[in-house]
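The entries follow the model shown here.

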Amino acid sequence: SYKLKGVIKSSTPVLIISILIPIFGPLCLLSVEWVLISKPKEVEIPGVNHMKIEDDIYKSVHIKPDEVAKEVVPVEESLLINPAKKRRKLLLDVLSLGAADYVPSLRLAGKNDDTEVVHYAVTALVELRKEYDQRMEDMDRKMENSRRTGELIREYIALDEEYIKTTLPEGEERNAAYRHYDRLLAEAMRDSRDAEERAEFLRKRVECALSLREYNHAGELIEELIALEPEREHGYLLKILCCSALKDRKGIDRTIKKLVTNHVPLSEEGRKRIAFWQPPEDMLERI
């Protein structure tokens, strides 16, 4: 019977009935078998229990917490709380990575209570400043002795950006660095390759003016930027930033209204900035 059940696909009750009914029983059995054989095989879908088993397996895999990550602290904090020996080693590690990226940490280390740490930090800052002074002298000489091409100006702009980013220049020296940077940007604008590059230089000049707190000058540059690319968000967002610094709420509202009227598409960051000043149900739904 087991062999017969393996060949015939019908259930046991159907087999019994077909045997008990003469002539018509076997005919019905053949008909049922034909249907079962010709029926396409269905794709098996994992049941809930099967998925639950897999879920349990995944849950049973425990990831060991990264103990090293727990011990990671900011460089500034480490220079304050670690023993002197560790502070010296940390400072040497920082210097091997490049002092230009760690100027604030080096300034803090220069006020440390460990004389060796102070020596390393101050020496690194002095050497870094000498390096930038030399690079700028070389660039000035290059500008004097060569034709003042657009490429050369862009090279100097990149150097100024790098220098300012280090936060090495402070106080009046910082202001002087920004003004020098702005003059180079203004010169580069006159030789810009296309409207997109001109807009990029304009954006940098606006940011430069805002850093110097020259808000009236920044406002003029922003209007020029919006006129150059009225369909892009950069000018409007910078205008809002400028109005915010001036505590000009009406100016912010006018800028948002203009942005909406011009149907300017916003990035996620742009939406967040606008949402800070305008309720979502008011203006953002129309952007």
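How many helices and strands are there in the protein? I find 16 helices and 0 strands, where helices (H or I, at least four residues) and strands (E, at least two) are DSSP runs numbered from the N terminus.

I note that this is a predicted model, in which local features need pLDDT of at least 70, side-chain atom pairs count only at pLDDT 80 or more, and totals for chains, interfaces and linings use all residues. Residues are numbered from 1 along each chain as its sequence is written, and side-chain values use heavy atoms, with hydrogens and water left out.

Next I looked up burial. Of 287 residues, 33% count as buried (under 20% relative accessible area, 1.4 Å probe, protein chains only).

I then turned to H13 (residues 215-228) and H14 (residues 234-245), whose axes come within 9 Å and cross at roughly 160 degrees (lines fitted to C-alpha atoms over the stretch in contact, with angles from 0 to 180 degrees between N-to-C directions). That makes H13 roughly antiparallel to H14 (over 145 degrees). Residues of H13 that meet H14 include Ile-222 and Leu-225 (contact means heavy atoms within 4.5 Å).

Last, I looked up H12 (residues 195-211), which packs with H14 at about 5 degrees, the axes being 11 Å apart. H12 and H14 are therefore roughly parallel to each other (under 35 degrees). Arg-203, Val-206, Glu-207 and Leu-210 of H12 make the contact with His-234, Leu-238, Leu-241 and Cys-242 of H14.

Note on methods: Parallel < 35°, antiparallel > 145°, perpendicular 65-115°, else oblique. Buried < 20%, exposed > 50% of the residue type's maximum accessible area, 1.4 Å probe, protein only.
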